[in-house]
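Below are my notes, point by point, for you to follow with the structure open.

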Amino acid sequence: MVLEGFTDRRWQAGLGALALLYLGVVLKDAWLCDDAYIFFRTVDNFIHGYGLRWNVSERVQGYTNPLWLFLISGGYWISGEIFYTSIVLSVAVSVAAVAVFVLKIARTPMAAIVGLGLMVCSKAYVDFSTSGLENPLTHLLLSLFLAVYLRDGIRDNRNVFWMGWIAGLALVNRMDSGLIYLPALLLVVKGRLRVVAVGMLPFLLWEVFSLFYYGFPFPNTAYAKLNTGIDRLDLLTQGIYYWGDAFRIDP
């Protein structure tokens, strides 16, 4: 689909300039956080034949991003190097997410320019377009989901299947991201539960594997973080502080 006005060279020039600016800012700020090296160790063990484990002798899922882990593992297997491989894959996936937004989600050239401009100006979005974590793939899958959701004929079974499939991949990429997809899925699931369930096959298969290989449906980190002994009210208060800081630092 080519949006009305995208054939105008002025709009093309504006979007092209913003896209290059986004790419330049992401490359300038590209980095890897310490958390990435936690699952990098699992990647290294996996590639060298020791399994999806932190310690070779223990079947423990110490990572929360299986789909991203497999993508990084593929790149690491080809390159034999993890630092630049992770950055290159992160930038490529982040650019793909922005491209889906511009070409498939934005309904007008102005909407595309404003949206892309907001992404460029957002410190959080730029910072986590790399970092080594799964955020770039989360952004891409969310963009693809919205592109299907906003497509004409949303009630068509084929579209509902693809929504379920993308949401299933997103759950494999980061399980708690399912909260983002849940409202839209609830809107289309009526009478199509079987279609959505078939679409969710990637996630269901991962859960079967997780139960067999690790003995648990959720990552070890989930059990650790949800059983800290900290009062829920204190956790809620800290969450409010977090949002306050986010709006103050990155409005």
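1. Let me begin with a definition: a charge sits over a ring if NZ of Lys or CZ of Arg is within 6 Å of the ring centre and within 35 degrees of the ring normal. R41 gives you a case to look at, for it lies over the face of W54, at 4.1 Å from the ring centre. Please keep in mind throughout that this is a predicted model.

2. Next, the aromatic rings. Searching the whole structure turns up 20 aromatic pairs. In one of them, the ring centres of W162 and W165 are 6.5 Å apart and the planes stand at 80°, so this pair is edge-to-face; planes over 60 degrees apart count that way. Elsewhere, ring pairs join F46, Y63, F70, W206, F209, Y213 and Y214 into a cluster.

3. Where do W162 and W165 lie? Both are in helix 8 (residues 157–173), three residues apart, or about one turn of the helix. As a reminder, an α-helix has 3.6 residues a turn, so residues three or four places apart point the same way. W162 has 36% relative accessibility and therefore counts as partly exposed; W165, at 28%, counts as partly exposed too.

4. While you are at helix 8, its length is worth checking. Its 17 residues, at 1.5 Å a residue, should span 24 Å, and the end C-alpha atoms are 24 Å apart, which agrees. At the start of the helix, a side-chain oxygen of D156 comes to within 2.9 Å of the backbone nitrogen of R158.

5. Which residues of helix 8 are buried? They are N159, V160, M163, G164, I166, A167, G168, A170, L171, V172 and N173. The buried residues of this helix pack against helix 3 (66–79), helix 7 (135–149), helix 9 (178–188), helix 10 (193–199) and helix 11 (201–213).

6. Now to T85, which is found in helix 4 (residues 83–105). T85 is buried, because its relative accessible area is 10%, under the 20% cut-off. Its side chain makes a polar contact of 2.5 Å with the side chain of S79, and also reaches the backbone oxygen of E81 at 2.4 Å. Not counting residues up to four places away in sequence, T85 touches G75, Y76 and S79.

7. The loop between helix 6 (123–127) and helix 7 holds S131. This residue has a positive phi of about 80°, although it is not a glycine. For context, most residues other than glycine have a negative phi. Is S131 buried or exposed? With a relative accessible area of 0%, S131 is buried.

8. F128 also lies in the loop between helix 6 and helix 7. At 30% relative accessibility, F128 counts as partly exposed. Leaving aside neighbours within four places in sequence, F128 is in contact with W31, N135, P136 and H139. The C-alpha atoms of F128 and H139 are separated by 9.8 Å, and these two residues are 11 residues apart along the chain.

9. Last, the cysteines. How many disulfides does a search of the whole structure find? The search finds zero.

Definitions and conventions:
Residues numbered from 1 in each chain as written. Predicted model: local features only at pLDDT ≥ 70, side-chain atom pairs only at ≥ 80, totals over all residues. Heavy atoms only, no water. Phe/Tyr/Trp six-rings, centres within 6.5 Å; stacked < 30°, edge-to-face > 60°. Helix = DSSP H or I, 4+ residues; strand = E, 2+ residues; numbered from the N terminus. Buried < 20%, exposed > 50% of the residue type's maximum accessible area, 1.4 Å probe, protein only. Expected span 1.5 Å × (residues − 1). Contact = heavy atoms within 4.5 Å. Polar contact = N/O pair within 3.5 Å; in protein donor to acceptor, adjacent residues only side chain to side chain. Disulfide = S-S within 2.5 Å.
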